[in-house]
Amino acid sequence: MRYAVRAAVGSLVAAACLLLLPAVAIAAGETLQGTLQNGGEPVEGVTITVTTADGDEVGEDETDEDGVFVIELPAPGEYTISLEEDTLPDEVAIREGRSASVTLPVAVGQERSVLFPLGKSTRVVQSDLDRLPQLALEGLIFGLIIALAAVGLSLIYGTTGLVNFAHGELVTLGALLAYFFNVLLGLQLVPAALLAVLAAAVLGGFQDRILWRPLRKKGTGLIAQLVVTIGLALFLRGLYLYLFGGSSRPYADYQLQNASAVGPVAITPKDAIAMLICVVILLGVAYVLLRTRIGKATRAVSDNPALAASSGIDVERVIATVWIAGAALAGLAGILLALGQQVSFQLGFQILLLVFAGVTLGGLGTAFGALVGSLVVGVFTQVSTLVIPPELKNAGALAILILILLVRPQGILGRAERVG
Amino acid sequence: MDWSLIFSNALAAMVGLETVVFALAAIGLNVHFGYTGLLNFGQAAFLAVAGYGLAISVANFGFSTGAGVVIGLTGAVVLALLLGAPTLRLRADYLAIVTIAAAEIVRLVFRSVSLAEYTGGSDGQGRFSEGFYSINPIAIGRYGLGPLDFDERQTWVLSVGWTLVGLSCLLVFLLMRSPWGRVLKAIREDEDAVRSLGKNVYFYKLQSLVLGGVLGCLAGFMTAWGNTVVQPDNFSTETTFYAYTIVILGGAARVLGPVVGAAIFWVLLSLTDNILNQAKNAGYISDAILTGFQVGQVRLMLVGLGLMLLMIFRPQGLLGDRRELALDAR
């Protein structure tokens with residue numbers, strides 16, 4: 001399946017993008033060609049020039065109403081193609097860090113396409129202070145989604161001691177199942193998502209039943225189990241790639257939405273609803289943990305499994321419940337994440353380390369710590385793009401994790417214990 | 001199906017560059033995981049720091065290859081100290097999380113556009129291996145044995161690589177039968193007991209982390225020279241996980257375990273790739289089940305499944321001794 005226009009939804013900045021589509025061949029000889037687009041709209045009247053390696057100009061073209069330019073070349077060889085930045089409309093500029101001129105070889109008879117990535121003009125760029133609320137909000141949404149996955153991971157760790165490196169694959173599972181129900185079976189996204197969460201919960205319970213419970217019974221060590229989770233993660237990622245392919249694909253619903261301004265920030269309806277869902281679900285988890293029998297039992301098992309068992313708690317039942325709930329929460333996180341970023345086979349793997357950062361930051365094995373830690377990680381990741389390049393934001397969040405472990409190894413809400 | 005081609009490819013994979021690189025990475029990991037019980041999930045970072053240390057100092061700053069190697073080694077030692085100092089006092093799983101995070105940081109930084117001037121961004125950095133090939137004493141020509149056939153450059157890379165593998169194994173063998181090595185193994189079995197004997201467990205763990213990191217660093221040099229380019233995505237977490245599979249396959253805490261593991265690992269991958277591809281071309285497998293592109297995905301699934309099954313049913317691997325290894329978190 002191919003998507004000519006990629007909907008950049010829920011992303012940091014509404015980045016305008018220049019797509020280059022292969023234009024119709026005009027001459028039989030060598031050409032340099034492309035289509036200038038800004039956020040899907042063609043950009044007209046931009047001057048493109050081509051020079052040889054010696055600096056002699058060999059051709060010039062102005063983009064037409066479809067944004068297309070085609071420049072015929074005298075012979076194969078190396079050419080420099082430049083975009084005259086002065087002729088760009090005011091609100092458009094070459095994307096930061098990219099050059100307005102590209103040097104490239106052209107082979108015999110080649111109709112070579114050239115890409116000039118355009119972005120929002122830096123001439124109207126907002127000050128850091130103006131961007132802060134928006135980034136903080138995006139970080140909050142991201143943090144809440146991470147928290148959904150992190151609570152499950154933390155509960156599983158708390159009750160069984162298992163560090164589950166395959167948790168990211170549970171996140172992906174939710175997104176893939178929702179894609180299956182939504183796009184392939186044609187259900188509307190809301191019932192599709194509900195079905196997907198349900199299916200993820202069932203599969204989570206199933207995973208515990210056929211894999212982890214037998215391993216616990218067998219007395220396999222925790223480190224051995226940890227290595228098993230890595231094997232499982234590799235296996236599942238390969239399986240997802242095999243079934244789904246390597247491309248990113250959107251859901252059928254809620255793809256293109258306009259953000260509406262609320263005070264200093266702009267938010268799309270789907271982001272607002274995703275946020276609301278996260279808050280309600282997380283409050284629900286907190287209520288269950290604090291007020292219900294099964295929640296108390298879960299905390300008891302986390303605290304001391306042997307003591308919990310001897311006081312009549314069915315530890316295996318608690319662990320099964322935790323797996324079912326953890327998988328459902330992770331699945332939901334995957335669905336909400338894919339709503340913003342599109343579905344891909346490594347959706348969960350990409351956030352796994354941030355989820356771990358959240359869990360560790362909050363204190364391994366404490367459900368509320370995971371929540372706090374995830375929010376910190378989410379907000380930090382987005383807000384840090386004010387200072388560091390966006391491509392390094394995940395590295396920044398992981399660096400903070402290491403720094404906090406230096407100062408407060410037990411995490412924000414963790415109990416200090418001497419370990420050596 | 002051309003079975004002779006399949007088997008000669010498998011034989012080439014057994015002694016090939018990837019086997020050398022992963023054997024070295026796994027020997028280092030074996031010191032961490034097999035002998036000391038440290039969960040280092042960032043072995044790829046040691047390879048990356050070594051490879052890039054060499055590449056950047058030679059390509060960007062015009063250092064000699066020897067100086068580049070020293071810089072790479074220093075980088076690995078510094079990385080080990082940085083990773084170990086904060087985490088080795090904590091529970092085993094903290095080291096796991098911090099090392100995997102650090103490896104991703106290293107990869108993302110080397111990948112970053114903002115440093116592309118030095119690192120070449122996601123395309124990687126080349127232009128550094130001339131010094132290595134210029135000291136090649138092997139005359140131009142083709143060398144081989146039976147179905148193996150290499151040119152003088154490959155022969156040089158593989159000779160250096162296997163020599164390093166041999167020396168590393170010898171070093172590990174000598175160290176692990178020394179009193180120092182016995183302390184490491186004792187830490188793996190029971191940290192508190194070692195502490196009660198007055199040993200500085202933290203310091204020993206740090207030394208082990210540095211030693212394994214330096215051995216992993218050799219793998220970084222070999223992959224850099226062998227491919228004549230360092231690319232950030234060659235140092236992803238999957239590299240570390242492959243090395244884990246190799247250590248466990250060969251047998252953790254065995255001197256030759258990683259070497260045997262690496263050879264078998266790459267032979268198995270070569271066999272599955274070649275057999276699947278040939279079966280596809282011969283029409284035994286239809287496109288509906290498997291396209292050419294998906295062969296690599298089947299490989300990923302097989303590695304994952306293999307790692308799981310090994311850990312569950314034969315955690316001691318091929319050469320290991322189950323009684324010696326009490327793999328457990330404390």
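**Figure 1. Exposed and buried faces of helix H1 of chain B.** Trp3(B) and Ser4(B) are exposed and sit on the face of H1(B) turned away from its buried side. Here a residue is buried if 20 or more other C-beta atoms lie within 10 Å of its own, exposed if 12 or fewer, and partly exposed in between, with C-beta atoms placed from the backbone. The model is predicted: local features need pLDDT of at least 70, side-chain atom pairs count only at pLDDT 80 or more, and totals for chains, interfaces and linings use all residues. Residues are numbered from 1 along each chain as its sequence is written, while chains are lettered from A and ligands numbered from 1 in the order in which they are written. H1(B) covers residues 3-15, 13 residues in total. Helices (H or I, at least four residues) and strands (E, at least two) are DSSP runs, numbered from the N terminus. From first C-alpha to last, H1(B) reaches 19 Å, close to the 18 Å expected at 1.5 Å a residue; the expected span is 1.5 Å times one less than the number of residues. Its buried residues are Ala10(B), Ala12(B) and Ala13(B). They lie on the same side of H1(B) because they cover an arc of only 160 degrees around the axis. That arc is taken over the directions from the helix axis to the C-beta atoms. The buried residues of H1(B) pack against helix H2 (17-36) and helix H13 (257-281) of chain B.

**Figure 2. The side of chain B that touches chain A.** Contact joins 44 residues of chain B to 39 residues of chain A. Two residues are in contact if their C-beta atoms, placed from the backbone, lie within 7 Å. Helices H4 (65-87), H5 (92-111), H11 (201-227), H12 (237-250) and H14 (295-313) of chain B each give two or more residues to this side. H5(B) supplies the largest share, 13 residues. By type, the side of chain B divides into 32 nonpolar, 6 polar and 6 charged residues. Ala, Val, Leu, Ile, Met, Phe, Trp, Tyr, Cys and Pro count as nonpolar, Asp, Glu, Lys and Arg as charged, and the others, Gly among them, as polar.

Figure 3. Beyond its neighbours within four places in sequence, Ala147(A) is in contact with residues including Cys278(A), Leu282(A) and Gly358(A).

**Figure 4. Two loop residues with positive phi.** Gln342(A) has phi near 80 degrees, a positive value in a residue other than glycine. Gln342(A) is placed in the loop between H8 and helix H9 (347-362) of chain A. Gln342(A) counts as buried because it has 22 C-beta neighbours inside 10 Å. Arg127(B), also not glycine, has a positive phi near 55 degrees. Arg127(B) lies in the loop between helix H6 (116-119) and helix H7 (130-134) of chain B. With 12 other C-beta atoms within 10 Å, Arg127(B) is exposed.
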